[in-house]
Amino acid sequence: MVTLYRPGNGPWHRLPAGPKTALLLLVVLGVCLLPATWWAAAVMAAVCLACYALPGAGLRELGRQLVTVRWIVGLTLAGQLVFLGPESAAANTARVAVACALAALLALTTPATELLETIERAMQPLALLRIDPQRAALTLSVTLSTLPVLAGLARDVREAQRARGGGRSLRHFAMPFLVMALKHADQLGEALVARGVR
Amino acid sequence: MSGVAPGVAPGTAPGIALQGVHVRLGDTDVLRDVTLSLEARTIAVVGENGSGKSTLARLLSGLVAAGDGTVRVLGLDPVRQAAELRRRVAVIFSNPDAQIVMPTVAEDVAFSLRTEKLPRAEKAERVAAALDRFGLAELADRSSHDLSGGQKQLLALCGAFVRRPDLVVADEPTAYLDARNARRVADHLLADASHRLVLVTHDLRLAQRCETAVLVQDGTVTQVGDPAQVIATYEAGIRW
């Protein structure tokens, strides 16, 4: 499930979207630059805990976010353990987990509309390359909000397959899912135009 | 064909005028030689599946262009004056899932005001008032996609009405809803006298509540007028 804004009045909620994004990006950048050692892994974990310990976020929320990305964390850890050994594996996995958790913290404490406006402002330089920042930010936002719809469509197709006695055939799943997803894209496009998006 | 119903004050903004309109989609002539002049406030569009009703609705919303003929909606050319049309015409589709753009209810309603140059406080005020009107205020921070079908369609209505449109084009807005929610959505659409309404529907009782009805058969408009008469013609022509 995509992380959603949770209303609140903590320091993270009160911080404007622009400075908050910049601050969290700096923290993630700092975490990325630390060496792959045991103490660095501990520092990364401590930074992440400190960010979530502030009122309005909470360590329980951090736990929920880490559960959400457990497959990414698990695969990263397994791969790194095989090729780099335990110390590097721990540090690099902590890096990935902290980056995911801090990105979630931004989404949890910033309304999507404010986030969209911040992304638009950040993308302004792209206008020099003839990329419309408004459109690029909207694409990102629509992509995120479409994920639950696609998950619902996939569930509908699987249920219809089961109801008709079908097995777990990828081909039988992919075709109807693709058709439904494209139809949804058409309808969503029309709805966006109708709501004033050029 | 013309459908001028009582209750529309003379001299108000022009309604809908189509002259010799053709719409071709792919290899199919979906609308053929449609000529219409509609001034009624609430207009029902009825007809069989595939008759061209939805294409007529999309034509009036500027979502498809006429191949031939002239189209005027509220006095505007939907192609040349598309931006102004978007500002004044709201569209509601049958599938509420396809109309949700933002992750939470309040943000999705606010999205409709994105292109309007209004102070932030006024936008927030209008969003709050619209949510309140449609009974969604308590769900403002809920995930849009977690709502029930009826609530999602009310959210779509809320997103349309927050812009204070002059014309609402609703294409089978009650198709996915149970009787109670269909009634709620219909009441919201029909009760508000501040806008005109074009309602494409298979619900003939709902069509009966409009001032004028338009019967579309095989890509052409075959009758315009009193809903009871139009529905009687439609039902008489159905081959069971």
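## A term for the interface

A salt bridge is a side-chain nitrogen of Lys or Arg within 4 Å of a carboxyl oxygen of Asp or Glu. By this criterion, 4 salt bridges are counted between chain A and chain B. The structure discussed here is a predicted model.

## The fold of chain A

Chain A contains 9 helices and 0 strands. The C-alpha atoms of the chain fill a box of roughly 55 × 45 × 35 Å along the principal axes.

Two domains are assigned in chain A: domain 1 covers 11-111 and domain 2 covers 127-194. Their C-alpha centres are 29 Å apart. Of the 198 residues in chain A, 37% are buried. Among contacts in chain A between residues at least 6 apart in sequence, 63% link residues at least 24 apart.

## The contact between the chains

The size of an interface is often given as the accessible area lost when the parts come together. For chain A and chain B, the buried area is about 2500 Å², and carbon and sulfur atoms give 57% of it. Each side is represented in the contact, with 28 residues from chain A and 28 residues from chain B.

Polar contact joins 9 residue pairs between chain A and chain B, counting pairs in which both residues are at pLDDT 80 or more. On the side of chain A that touches chain B, the elements giving two or more residues are helix H7 (112-122), helix H8 (133-163) and helix H9 (170-194). H9(A) provides the largest share, 8 residues. The residues on this side of chain A comprise 16 nonpolar, 7 polar and 5 charged.

## Helix H7 of chain A

Which residues of H7(A) are buried? They are Ala112(A), Leu115(A), Leu116(A), Thr118(A) and Glu120(A). Within chain A, the buried residues of H7(A) pack against helix H2 (17-33), helix H6 (86-109) and H8. They also pack against helix H3 (105-111) of chain B.

Glu120(A), one of these buried residues, has its side chain in a salt bridge with the side chain of Arg114(B), at 2.6 Å from N to O.

Technical notes:
Residues numbered from 1 in each chain as written. Chains lettered and ligands numbered in written order. Predicted model: local features only at pLDDT ≥ 70, side-chain atom pairs only at ≥ 80, totals over all residues. Heavy atoms only, no water. Contact = heavy atoms within 4.5 Å. Buried area = accessible area lost by both parts, 1.4 Å probe. Polar contact = N/O pair within 3.5 Å; in protein donor to acceptor, adjacent residues only side chain to side chain. Helix = DSSP H or I, 4+ residues; strand = E, 2+ residues; numbered from the N terminus. Nonpolar A, V, L, I, M, F, W, Y, C, P; charged D, E, K, R; others polar. Buried < 20%, exposed > 50% of the residue type's maximum accessible area, 1.4 Å probe, protein only. Domains from an automatic or database assignment.
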